[in-house]
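Thanks for coming. I have a few points to go through, and I will start once the structure is up.

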Amino acid sequence: MLWKIKLVLLIAMGVPVLAQQDLKINDRGYFEMKGLNVTVFSDIYPDGHQTGVTIIQHGNRVAANGDIRLEASPGQWSPVPKGGRLVIDKEAETITQILWYPDSSKNRTGFNPIFYPDLTFSYRIEVKALEGSRFLVSVHLDEPLPPGWIGKVSFNFELFPGELFGRSWTLGQQTGIFHQQPNGPVTMESGEHLSIPLATGKRLVIAPEADLQRIRFESITGNLELRDGRSNHNNGWFIVRETVPAGATENAIQWTISPSVTEGWVYKPVVQVSQLGYHPDQPKNAIIETDPNDTLILDALLFQVTEEGRKLVKKGKPEVWGEFLRYKYLSFDFSDIYEPGMYLLSYGDTETHAFKINEEIYSRHAWQPVIEYFLPVQMCHMRVNEKYRVWHDYCHLDDALMAPVDTNHFDGYVQGPSTLTKYQSMSAVPGLNRGGWHDAGDYDLRVESQTGTIWNLALMIEEFGLDYDATLIDQDKRLVEIHVPDGKPDAIQQIEHGLASVLGGYRTLGRLYRGIICPTLRQYVMLGDASAMTDNLVYSKELIPGEKTAESSSLTDDRWVFTEKNPRRELYVAAGLAAASRVLKESNPELSSEALNTARILYEGAHSARNVTSQKVIALCELLISTDDDTYRDTLISMKSDIIDQIHRCGWAVGRVIRRIGDMEFQTDIKDAVTEYQAQLKREQSGDSPYGVPYKPNIWGAGWNIQRFGVEQYFFYKGWPDICTPDFFVNSLNFILGVHPGSNTSSFASGIGSKSVTVAYGVNRADWSYIPGGVASGTALIRPDLPEMKVWPFFWQQTEYVLGGGSTNYMFLVLAVHDLYCND
């Protein structure tokens with residue numbers, strides 16, 4: 001292996017090579033040795049298997065969420081503790097986290113409210129490094145648990161399933177393998193159907209046959225259970241568990257955990273290139289991610305793939321960029337390669353997939369899957385066919401009931417003390433069973449997602465002349481046929497479909513809806529055909545025979561529509577509607593007029609609210625383009641100082657209208673502000689990361705934010721080409737297509753490029769599948785410093801698709817880069 005060769009070379013060169021080390025607390029606040037990291041509550045997201053005691057073995061996060069839980073197999077809405085002070089003691093080599101139940105900030109309140117039982121207690125999780133790779137986990141309770149909770153409350157440690165399938169385990173005298181699917185027998189436990197434990201015993205060894213994966217768990221205080229957490233939650237993990245005994249406080253539970261570590265292990269270099277490829281005139285820079293202790297710099301080799309095989313066309317040493325997150329980065333510039341063809345790049349034992357250099361790289365197989373597949377598949381209230389395949393049948397034809405007042409929905413929707421309309425709680429609201437796209441994997445319709453999609457499509461028509469027809473869309477029959485052109489531009493038809501929902505709701509309600517979503521958690525977690533969510537019995541007979549009556553059906557499965565007072569969102573929708581009105585003016589003048597009139601009304605009702613400056617400016621810009629009304633122009637001029645203060649938020653929109661504003665002082669002052677902002681961006685992005693974009697994920701991967709950043713930077717560049725650079729939006733596209741941190745170099749755009757995300761959190765995630773043209777959220781940050789994008793269909797924070805920007809922003813960027821190099 002290459003690392004052994006490197007080890008010999010290091011010794012020959014007289015470089016000191018350390019013997020196997022012990023776990024030590026590093027300067028970033030977690031335990032570290034070569035090949036192993038143990039973090040202790042460094043992260044903040046137990047709902048997403050992303051906190052607690054966590055094991056990163058040979059660069060791969062293999063176990064997480066080590067913590068006290070109230071259930072044997074908890075899920076996304078299960079109670080989680082509140083974390084207090086984290087104490088790091090380097091001298092004693094211990095890290096201790098103070099926690100307690102319940103978390104008052106989540107208990108029946110806030111976004112995604114959680115319903116806690118009547119149980120209050122506090123405790124500490126203490127992790128101490130032992131010799132070698134071993135560490136001790138101790139659980140200390142401040143008081144004994146109430147008798148009714150004995151046998152329920154436990155210390156759980158979750159094992160990531162995706163890389164364990166087919167591996168073996170031993171627990172006591174029992175052995176087995178980790179199966180691809182959860183199996184029975186199933187029993188009722190604490191009100192839930194759970195598969196019985198796979199085994200119990202004092203010592204568990206997972207993957208004993210694999211040196212890079214083997215971990216030994218041993219209980220000092222009791223027996224371990226090995227469970228399959230997928231038996232009651234499809235997105236569950238395997239669970240190692242020990243219950244808290246009666247009367248226990250100090251050292252209530254103690255485990256020693258011994259991950260196997262391969263001596264001399266170094267992180268294998270990762271070569272990151274666009275999985276799609278490059279235009280010949282485009283800057284081409286491969287990023288090489290390496291172990292921070294790897295001091296040897298090898299030659300990078302660029303091969304052209306010919307009919308006879310590989311032909312070496314460039315060889316050279318990459319330049320050292322520096323350290324970012326936990327790795328050292330190199331860069332290899334091959335911008336001087338212009339000849340069209342297929343290429344691959346290798347560095348040591350690592351080589352990329354084949355990618356293309358060609359003038360037509362962005363002309364086909366690049367943005368088209370978004371409008372050929374993703375948007376049609378997400379269309380609500382329709383049947384969507386693709387030849388022999390039915391993506392989903394007629395769905396949600398019974399939309400919608402007015403959400404009850406004073407409702408805090410489990411997915412973040414809130415209905416206040418009034419419905420704000422003439423419709424009472426749980427009364428039928430007509431006009432909502434047309435149009436819209438299912439957002440993400442949740443099947444809901446958020447007004448901002450609908451509007452964002454409409455807006456992006458309109459901008460692409462205006463900026464790039466988008467005129468593409470690959471889909472039959474028949475609104476009268478509620479029918480979509482993928483890859484059956486109908487003679488009408490798909491983007492126009494999709495805009496009309498989105499407006500059918502947004503304006504349909506406005507006509508009925510006299511205001512915008514906040515969102516339309518199912519009322520029960522059982523419906524929300526449904527993995528299957530959208531048509532199965534409700535009974536689809538409609539109030540007026542349309543396509544599906546049947547009318548809702550007291551005898552035939554209750555209303556309990558109908559989705560709810562939420563309303564709200566939200567000036568920011570109203571201004572956002574006003575901007576999107578104004579843009580839509582322009583591209584529909586010729587093909588659908590009546591709908592165009594309605595969209596513009598509604599945009600004006602929304603603006604007038606919201607622009608005087610507090611703290612809406614950037615949203616107001618953006619809406620004004622779109623309205624000015626649509627109307628050329630001096631009122632909007634004069635208002636923008638009067639807001640000059642506000643625009644300068646928030647140039648990073650709204651300057652891109654001003655760039656779209658700057659030449660429409662004749663005030664030279666305004667133009668000069670705004671240009672000065674843009675100049676300063678761009679200079680700041682260049683300083684930040686040159687030193688923040690090797691990717692030339694702001695990679696700052698919170699919980700979700702940063703892909704969507706980077707795409708939005710790229711689209712905005714396109715408009716900065718278009719408005720002020722003499723002071724702005726195209727590099728930011730070009731880099732943003734490259735980031736999505738594979739030039740991003742972490743060992744998984746897949747394109748976030750499913751089905752696009754040589755290697756892409758083909759196991760994604762879409763509506764077909766239960767099948768470990770994907771929707772072409774869906775764009776995943778992308779590489780997340782496991783705090784404090786591990787970039788991660790696992791092959792796993794249930795990580796919404798890494799591979800979820802969304803409407804309103806995810807895919808359409810990507811599509812915009814492809815067209816923008818194509819326009820930059822092909823139409824200049």
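How many of the 18 residues of H3 are buried? Keep in mind that this is a predicted model. The count is 16 of 18, so read with the cut-off of under 20% relative accessible area for buried, helix H3 is mostly covered.

Now the length of that helix. H3 covers residues 447-464. At 1.5 Å a residue, its 18 residues should span 26 Å, and because the end C-alpha atoms are 26 Å apart, the model agrees with that expectation. Just after H3 comes Gly-465, which has a positive phi of about 65 degrees.

Next, Asp-444. Where is Asp-444 placed? It lies in the loop between strand E35 (414-415) and strand E36 (445-446). Is Asp-444 buried or exposed? Asp-444 is buried, because its relative accessible area is 1% and the cut-off for buried is under 20%. Leaving aside residues up to four places away in sequence, Asp-444 touches Asp-411, Tyr-413, Trp-437, His-438, Asp-439, Ile-516, Ile-517 and Arg-559.

Last, a sheet. It is open, has nine strands with antiparallel pairing, and the order is E6-E7-E8-E9-E20-E17-E16-E11-E12. Strand E6 (82-89) and strand E12 (174-177) are the edge strands, each pairing on one side only. From one strand to the next, the twist averages 15 degrees.

Within that order, look at E11 and E16. Strand E11 (residues 168-171) and strand E16 (residues 203-206) run antiparallel and are joined by three bridges. Which residue in E16 does Leu-171 stand opposite? That is Leu-204.

Notes:
Residues numbered from 1 in each chain as written. Predicted model: local features only at pLDDT ≥ 70, side-chain atom pairs only at ≥ 80, totals over all residues. Heavy atoms only, no water. Helix = DSSP H or I, 4+ residues; strand = E, 2+ residues; numbered from the N terminus. Expected span 1.5 Å × (residues − 1). Buried < 20%, exposed > 50% of the residue type's maximum accessible area, 1.4 Å probe, protein only. Contact = heavy atoms within 4.5 Å. Pairing = 2+ DSSP bridges. Axes fitted to C-alpha atoms, helices over the stretch in contact; angles between N-to-C directions.
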